[in-house]
Amino acid sequence: MAGGEVLRQNLPEKLEESPSGANELHVLAVDDSLVDRKVIERLLKISSCKVTVVESGTRALQYLGLDGDKKSSIGFDSVKVNLIMTDYSMPGMTGYDLLKKIKESSVFREIPVVIMSSENILTRIDRCLEEGAEDFLLKPVKLSDVRRLKDFIMKGEVKEGEKRCCKRSRSEDCSPSPMTHPCDSSLLSSLSSSSVLSPLSPSTLSSKKSRL
Amino acid sequence: MDKVRLQREAAFIRSSLLDQGYLDEQFIQLEELQDNDNPNFVEEVVTLFYTDSARLIYNIDQALLSNPTDFTKLDDYMHQFKGSCSSIGAKKVKNECNGFGEYCEVQNYDGCFRTFQQIKQEYITLKKKLETYFQLLKEAAQIK
């Protein structure tokens, strides 16, 4: 975490966008289970994230303004979500269906989506990853999973900030500092985590996808 | 009653629940999410578990009474129940649910019915012990 913070201070003031309003990650959690909603909300709050919890994929789309109802769509600027965590098995719209809808949206497709499931089914996991899920977590989700996810997302946000900054001014201040690869710090924690992707790295994802 | 004695009794119930496999590591994970700002987190989650379980148990009982038996529905309810058990670390009850799933898959009504009576028994046992546990903690907290 300290490394990420130092990096943000090194960026020129021109960078007006921080990961989210108050340097807090905003996570949208979707789960039809009463118990799991309570637990995931606590896991995220304890990890200093802003949390919005909804009980279905439909509600999630409404919240994002993707449900096609012009009235509820206030405009992209008002809903800033950095991560979506969704249960897989839900009545009506499954987590997979929700994932597809988000990846189809030009506005929200860049938001990382993580699938949670109590079942360790390889074909299910592959399907989700191929559809663009960032990670697949086995339930019950642990604090170490959430922390690892948060670190990964935060680093991604800083990298995005760097890219935007470099596009505006090609000064030497922008040259990417040697940032620890997501692998390094998360490797130890991922050994005891219930994530399928360990460590969380783009190369792992692309090698999985290329197997097709 | 003595505060320390109450706490010791509660701790004893907790240890036995863990030792006897009624609860597992997940329960401890929940305890670790509790702090001074959220001192009743575990009890709140467990209370939600009771509410959710009551609904699901009722639904399963009803489904078992329906003719013809809708095994898909039964499986779906049981899947939800199992998920809740897993989320609070109710290991023993969760394990009993596996048997139910197997009978459901082969559409064995008697197997489902018998297994479900066992599941209900284990659930009631766990609920009683947890209720006593939290009651003792509450009483202890009220002293001094």
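The mean pLDDT of chain A is 76, with 61% of its residues at 70 or more. Residues 3–21 of chain A are also below 50, and this stretch has 23 contacts in the model beyond near neighbours in sequence. Where pLDDT is low, the predicted coordinates should not be read in detail. This is a predicted model in which local features need pLDDT of at least 70 and side-chain atom pairs count only at pLDDT 80 or more, while totals for chains, interfaces and linings use all residues. Residues are numbered from 1 along each chain as its sequence is written, chains are lettered from A and ligands numbered from 1 in the order in which they are written, and side-chain values use heavy atoms, with hydrogens and water left out.

Chain B comes next. Chain B has six helices and zero strands, where helices (H or I, at least four residues) and strands (E, at least two) are DSSP runs numbered from the N terminus. The C-alpha atoms of chain B fill a box of roughly 60 × 25 × 25 Å along the principal axes. Residues 38–141 of chain B carry the UniProt annotation "domain: HPt", from an unreviewed entry; UniProt positions are given in the numbering used here, feature names are shortened, and annotations may be inferred rather than shown by experiment. Over residues 38–141, chain B is 88% helix and 0% strand, and the end C-alpha atoms lie 14 Å apart.

The two chains meet in an interface. The contact draws 15 residues from chain A and 18 residues from chain B. About 1,500 Å² is buried between chain A and chain B, and carbon and sulfur atoms give 65% of this area; buried area is the accessible area (1.4 Å probe) that two parts lose on being put together, summed over both. On the side of chain A, Val35(A), Lys38(A) and Arg42(A) lose the most area to chain B, together 40% of what that side buries.

Asp35(B) forms a salt bridge with Arg42(A), the closest N and O atoms being 3.1 Å apart. Asp35(B) lies in the loop between α2 (25–32) and α3 (41–65) of chain B and Arg42(A) in helix α2 of chain A, so the pair joins two chains. Lys38(A) and Glu44(B) also meet through their side chains in a salt bridge, at 2.8 Å from N to O. Helix α2 (residues 34–46) of chain A gives the most to the side of chain A that touches chain B, with eight residues.

Some backbone details deserve a look. A cis peptide bond with omega of about 0° joins Lys139(A) and Pro140(A), and Pro140(A) sits in the loop between β5 (135–138) and α6 (143–168) of chain A. In chain B, Asn67(B) and Pro68(B) are joined by a cis peptide bond, with omega of about 0°; Pro68(B) is in the loop between α3 and α4 (71–88). Ser48(A), although not a glycine, has a positive phi of about 60°, and lies in the loop between α2 and β2 (49–54) of chain A.

Key. Contact means heavy atoms within 4.5 Å. A salt bridge is a side-chain nitrogen of Lys or Arg within 4 Å of a carboxyl oxygen of Asp or Glu. pLDDT is the predictor's confidence in each residue, from 0 to 100.
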